[in-house]
Amino acid sequence: MEIVRREKVSDPSDFRSRQLSAASMMRGELDDEQLDQYVEERVLTTTLEKAANWARGNAFMPATFGLACCAIEMMAMVGSRVDIARFGFEAFRASPRQADLLIISGRISIKMAPVIRRIYDQMLEPKWAIAMGACSSSQGVFNNYAIVAADKFMPVDLHIPGCPPRPEALAHGVLKLRNKILSQPDQGWRSRYGGQGTEEVLESELAGDANARHGINVAGEADPSA
Amino acid sequence: MPDATGLELIAGELRDADAEAVLGTLHFRGRATLLVHPDAVVGTLEHLRGRGFNFLASVHGVDYFPEEPRLGVMYEMLDMRTVDRISVKTRVHTEHPHVPSVTPGWPTADLQEREVYDMFGVIFSGHPDLRRSHMPEDYEGHPQRRDFPIGGEPVLYTHNEPRREPE
Amino acid sequence: MALTPDIDYREMEKSVELSEIQHGGDDEFLTLNMGPHHPATHGVLRLLTTLEGEVVRDVKPIIGYVHTGIEKTCEDKAYWKVIPIVERMDYLSYYFNALAFCGAVETLLEVDVPPRAQYLRVIHLELNRIASHLIWLATGGLDLGAMSVFWYGWRDRDQILDLFEMSSGQRMHTRYFQVGGVMEDIPSGFEAAVRRFTSGFPTRLDQFEDLIDKNEIVLQRLRNVAAVDEQTLLGLGVTGPLLRATGNPFDLRKAAPYCSYDHFDFKIPVGTVGDNYDRYRVRMAEMRESLKIVEQALDGLPEGAYITENRKIALPPRHELATSMEALIHHFKLVTEGFRVPPGEVYYPIESPRGELGCFVRSDGSAKPARVHMRDPSFVNLQAFKPMVQDLYIADLIATLAMLDPILGGIDR
């Protein structure tokens with residue numbers, strides 16, 4: 001009879017060898033090299049940033065923000081055919097303080113633009129904005145006195161073309177944003193638009209706290225506290 | 001729709017009541033329109049209510065630029081029992097755009113007259129609460145007048161696109 | 001007091017008075033601003049409510065937050081380019097907006113719409129009516145707290161939108177109706193698909209009714225709530241299901257039939273009391289009647305042209321461009337300049353899911369309309385909101401807003 005000596009930590013896909021190596025680990029018999037290999041196979045190492053991005057990207061909470069026709073397709077995305085709840089984004093929050101994704105679905109009238117900006121400011125960091133449809137991205141079908149594009153007054157992360165975009169297109173866009181967050185934690189465009197720290201800051205806090213000075217940013221202005 | 005003779009009968013009745021009221025009648029594509037003097041609008045609508053047209057379907061403005069008088073207000077009346085429609089039209093100049101409001105007798109005209117004021121600048125005297133309906137309160141100008149620019153962004157082509165300095 | 005246009009904004013703000021409110025004693029009023037960003041206001045409607053405790057004493061709707069300048073934009077575009085602009089007005093009943101405009105232009109042009117086109121229009125209109133009522137039901141259920149109705153309504157609406165996608169390629173705002181007929185004929189599988197839908201939908205409606213009609217919570221929230229009598233509604237210019245809920249059977253499809261509606265046999269559901277529950281029941285019954293109309297239209301769909309043969313108005317078919325010089329010239333003129341409409345004014349009313357939708361077109365003889373005004377039913381019906389919610393609880397205000405079915409795109413245009 002031949003005795004075959006098996007390597008302790010040989011093939012990770014082989015169940016028997018994994019079992020043997022786990023037994024050795026329990027007894028404290030693994031050497032440096034084998035120990036390193038053992039640990040590498042079992043522990044997921046990542047940076048804190050990546051872990052945070054993974055959590056943020058997989059759990060958007062969109063704000064209920066429907067303006068016009070695109071809102072109907074946004075609600076259709078929540079519906080059962082293009083179920084956005086598969087990805088975890090079905091928890092639409094009514095309050096902007098609890099939301100982190102603003103899907104601007106519909107045409108932006110000049111009367112509504114300051115309201116949208118205020119709601120965007122009320123959201124807490126990190127926050128993203130999607131300009132859904134042609135009207136919010138670029139005035140869409142209308143090019144007149146009453147409509148303004150979202151980029152004119154707030155930073156937008158993603159534009160989704162369509163009039164209205166199909167719910168599948170919107171889901172594709174949301175997933176693209178998710179990929180962007182998972183892979184690109186540094187969103188350099190924010191400095192271009194002055195989009196850091198766009199929280200609502202009270203006047204009284206502005207006067208006292210130097211750190212709070214960069215709370216209100218106008219697009220294009222350099223960050224005064226930087 | 002009252003046919004041409006029916007329209008003339010109505011116009012005749014109105015002229016009997018007030019000689020200055022009716023400035024013209026028009027029967028076009030099967031539809032009847034009465035052109036009346038601005039001061040006679042309320043009286044005309046009440047007379048038509050007596051004639052059975054007791055539903056005011058629409059109050060809207062028209063800008064006849066460059067014809068004068070420029071600003072027109074149209075009232076679409078409906079008789080629900082006989083399903084008959086008639087339009088009443090009045091025209092005013094921009095310098096003196098006052099039309100008496102029909103809101104006290106026809107509550108439906110409330111928001112619609114506000115819209116005509118907002119978009120054309122016709123001032124309805126006697127309206128309980130005349131302020132802008134659609135545009136922001138501090139907007140200047142009356143957008144749907146024909147000489148108001150349409151606004152919007154110029155379409156960017158390669159030849160007129162502003163070049164951004166490379167960073 | 002006549003306001004002048006150059007009054008100061010601040011002074012004008014102060015001059016806005018909330019109406020006189022009768023109250024006893026030293027009750028305190030709270031002015032609560034709902035919207036424009038609010039989950040329950042069906043769009044960007046801002047309601048300035050004056051509350052006494054939880055009872056609404058006054059409500060002032062402020063609109064204009066999605067004002068798009070549609071009517072002004074239409075003056076800048078050729079007639080057939082106006083159709084997609086105008087479709088986006090009342091964004092749930094896009095075919096109705098298109099029909100109102102096309103009908104007005106067809107009246108001005110004195111062009112006849114072929115019977116096949118009329119039947120196709122009716123099929124799409126009634127399917128759109130069902131889709132619009134389904135969204136009303138879905139969002140209304142959501143407002144009342146019945147969230148499952150939201151998902152069921154959207155599921156059925158997606159089926160209807162599949163049908164629209166089959167006939168025109170787009171789910172919403174399809175630009176299918178053109179002046180003189182429809183853009184193109186229905187594809188070969190369309191009739192079978194519609195029949196599959198119409199055979200399965202009555203069961204769905206039965207399921208909705210089983211779920212909602214006799215639900216105790218729905219009854220308590222909607223029965224005898226926000227009833228307004230017929231005379232007040234007529235004075236306020238209200239039409240559509242809101243008026244029919246009070247018992248007035250005025251429906252333009254029966255009263256002044258347009259687009260071959262007189263060929264079909266259907267009933268007009270009316271209510272008795274005019275409260276929220278009647279409004280709900282009227283719309284549910286209207287969905288059934290619309291289904292009947294769709295089936296009858298499919299059964300009787302005539303053969304023939306799907307758009308008028310008048311080459312000065314409708315594009316010639318592509319194959320003619322290779323052989324006929326006149327067709328080429330017509331095509332060129334229609335695409336570059338568009339057809340010219342004889343000068344005149346016309347008002348064309350139709351029955352949309354929310355009431356009388358009228359389109360006023362003034363033409364000055366050129367290829368672009370001089371004035372397009374859509375008399376939107378939601379705009380006029382909104383004026384009835386205050387009498388409806390006077391002295392009700394704020395929760396009833398939300399339910400009434402759901403039953404009012406306002407579409408802000410139509411209100412603001």
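## A core residue and its surroundings

Leaving aside neighbours within four places in sequence, C:Phe101 is in contact with C:Val82, C:Ile83, C:Val86, C:Cys359 and C:Val372; contact here means C-beta atoms, placed from the backbone, within 7 Å. This is a predicted model, in which local features need pLDDT of at least 70 and side-chain atom pairs count only at pLDDT 80 or more, while totals for chains, interfaces and linings use all residues. Residues are numbered from 1 along each chain as its sequence is written, and chains are lettered from A and ligands numbered from 1 in the order in which they are written.

C:Phe101 also belongs to the largest nonpolar core, which has 214 residues. Along with C:Phe101, the residues with the most contacts inside this core are A:Leu102, A:Ile104 and C:Val86. Such a core is a set of buried Ala, Val, Leu, Ile, Met, Phe, Trp, Tyr and Cys residues joined through C-beta atoms within 7 Å. A residue is buried if 20 or more other C-beta atoms lie within 10 Å of its own. The element that gives the most to this core is α5(C), with 15 residues.

Let us stay with that helix. The axes of α4 (residues 94–109) of chain C and α5 (residues 115–144) of chain C come within 8 Å and cross at roughly 140°; axes are lines fitted to C-alpha atoms over the stretch in contact, with angles from 0 to 180 degrees between N-to-C directions. On the α4(C) side, C:Tyr94, C:Tyr95, C:Phe96 and C:Leu99 meet C:Arg121, C:His124, C:Leu125 and C:Asn128 of α5(C).

Now to chain B, where 35 residues are in contact with 39 residues of chain C. The largest share of this side of chain B, 7 residues, comes from β3(B). The table sets out the make-up of two contacts; Ala, Val, Leu, Ile, Met, Phe, Trp, Tyr, Cys and Pro count as nonpolar, Asp, Glu, Lys and Arg as charged, and the others, Gly among them, as polar.

| Contact | Nonpolar | Polar | Charged |
|---|---|---|---|
| α4(C) with α5(C) | 5 residues | 2 residues | 1 residue |

Chain A has 9 helices and 4 strands, which are DSSP runs (H or I, at least four residues; E, at least two) numbered from the N terminus. Buried residues make up 35% of its 226 residues.

Definitions and conventions:
Contact = placed C-beta atoms within 7 Å. Buried ≥ 20, exposed ≤ 12 C-beta atoms within 10 Å, placed from the backbone.
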